[in-house]
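Subject: Structure for you to look at

Dear colleague,

I am passing on the structure we spoke about, with the sequence alongside.

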Amino acid sequence: MNTLQHMRRGSIASIPMIIGGIPFGLLFGSLASSYGLSPWFAIAMSAIVFAGSAQFVALGLIALHAPIWVIVSTTFIVNLRHLLYAADLVKFVKHLPMPIRVVMGFGLIDETYAAVRPMYEIGAADERNGHKVYFGSFISFYVMWNVTTILGVLSGELIPGMSEWGLEFAMVATFIGIITPYLKRRPFWFCMLSAGVASVILSGLPNNLGLLVSAMIGVAVGYFADYSASNKETSEENKAQGAEK
């Protein structure tokens, strides 16, 4: 396969989540008008920042005239989950030149990770072509996000109150679609349940710290559950081998 064919595979794998992200992009664009901000501001943010949830948080704080340090620190915390994605993907891309990895870092979003990471597991992507598949997904989401932002800006000016239609539910559904394929083993269930319960209990923490702490709790619980399951399997294999001897 050539580069374009690999990129097309990444784009096709991303289609379900792209569809789910369209209402979210429209909503973000419409919020610029409802907050009284320049339409060009929302368009530039989508083109330069390209981080859906962080953009919503930043837009709300900007509309409230929050100090710059509050905006920067809050969006930083919201995006800390991407460190987990990067840590997981680094083993597949560490051999690539730094400029390519920098661009991949810019394009690392929840949906691209969810679309591409399973392809490594099933052999549909590897160290030789995985970054090409990744770019196909990344570019597809980037185009969708920027186009829908522009459409949302235009719609928000023509249709007042569009931001109150409840379009944000589309992103909730998308995230449910992201995690569902991983719920095949107990460690993943433990991770999801512990993170979900913790996020509800810690929802009152300032600057969205509850999300960060909940993510860390979920990762820790999932890791130890997986570690325990692996040890149990190893122990059973050793017993079986001993019985055969």
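This is a predicted model: local features need pLDDT of at least 70, side-chain atom pairs count only at pLDDT 80 or more; totals for chains, interfaces and linings use all residues.

The protein chain contains 11 helices and zero strands, so that, by the DSSP assignment used here, the pattern along the sequence is α-α-α-α-α-α-α-α-α-α-α. Of the 245 residues in the protein chain, 38% are buried, and the chain exposes about 14,000 Å², of which carbon and sulfur atoms supply 70%. When contacts between residues at least 6 apart in sequence are considered, 76% of them join residues at least 24 apart.

The largest nonpolar core has 40 residues, and the members that touch the most others are Phe28, Phe56, Leu89, Tyr134 and Phe141. At least two residues of this core come from each of α1 (3-34), α2 (39-48), α3 (52-63), α4 (68-78), α5 (81-93), α7 (110-121) and α8 (130-158), with α8 giving the largest share, eight residues. As general background, nonpolar side chains in soluble globular proteins tend to be buried together.

Leu89 deserves a separate look. Once its neighbours within four places in sequence are set aside, Leu89 is in contact with Leu108, Tyr113, Arg117, Tyr120 and Tyr134. Leu89 and Tyr134 are both among the core residues that touch the most other members, and both also belong to the lining of the second largest pocket.

That second largest pocket has a volume of about 180 Å³, and its lining consists of Ala86, Leu89, Val90, Val93, Arg101, Met104, Gly105, Leu108 and Tyr134. Helices α5 and α6 (98-106) each supply at least two of the lining residues, and the largest share, four residues, is that of α5. Sorted by class, the lining comprises seven nonpolar residues, one polar and one charged.

Finally, a word on His131, which is placed in helix α8. Is His131 buried or exposed? His131 counts as buried because its relative accessibility is 13%, where the cut-off for buried is under 20%. Apart from its neighbours within four places in sequence, His131 is in contact with Leu96, Met104 and Tyr120. Of these partners, Met104 is also one of the residues lining the second largest pocket, while Tyr120 is also a contact of Leu89.

With best wishes

Terms used. Residues are numbered from 1 along each chain as its sequence is written. Side-chain values use heavy atoms; hydrogens and water are left out. A nonpolar core is a set of buried Ala, Val, Leu, Ile, Met, Phe, Trp, Tyr and Cys residues joined through side-chain atoms within 4.5 Å. Buried means under 20% relative accessible area, exposed over 50%, partly exposed in between (1.4 Å probe, protein chains only). Contact means heavy atoms within 4.5 Å. Accessible areas come from the Shrake-Rupley method with a 1.4 Å probe; for residues, only the protein chains shown count as cover. On a 1 Å grid over the protein atoms alone, a cavity is a set of points where a 1.4 Å probe fits but cannot get out, and a pocket is an open set with protein on both sides within 12 Å along at least five of seven lines; lining residues have an atom within 4 Å of a point. Grid points are joined across faces, edges and corners, and a volume is the space filled by probe spheres set on the points. Ala, Val, Leu, Ile, Met, Phe, Trp, Tyr, Cys and Pro count as nonpolar, Asp, Glu, Lys and Arg as charged, and the others, Gly among them, as polar.
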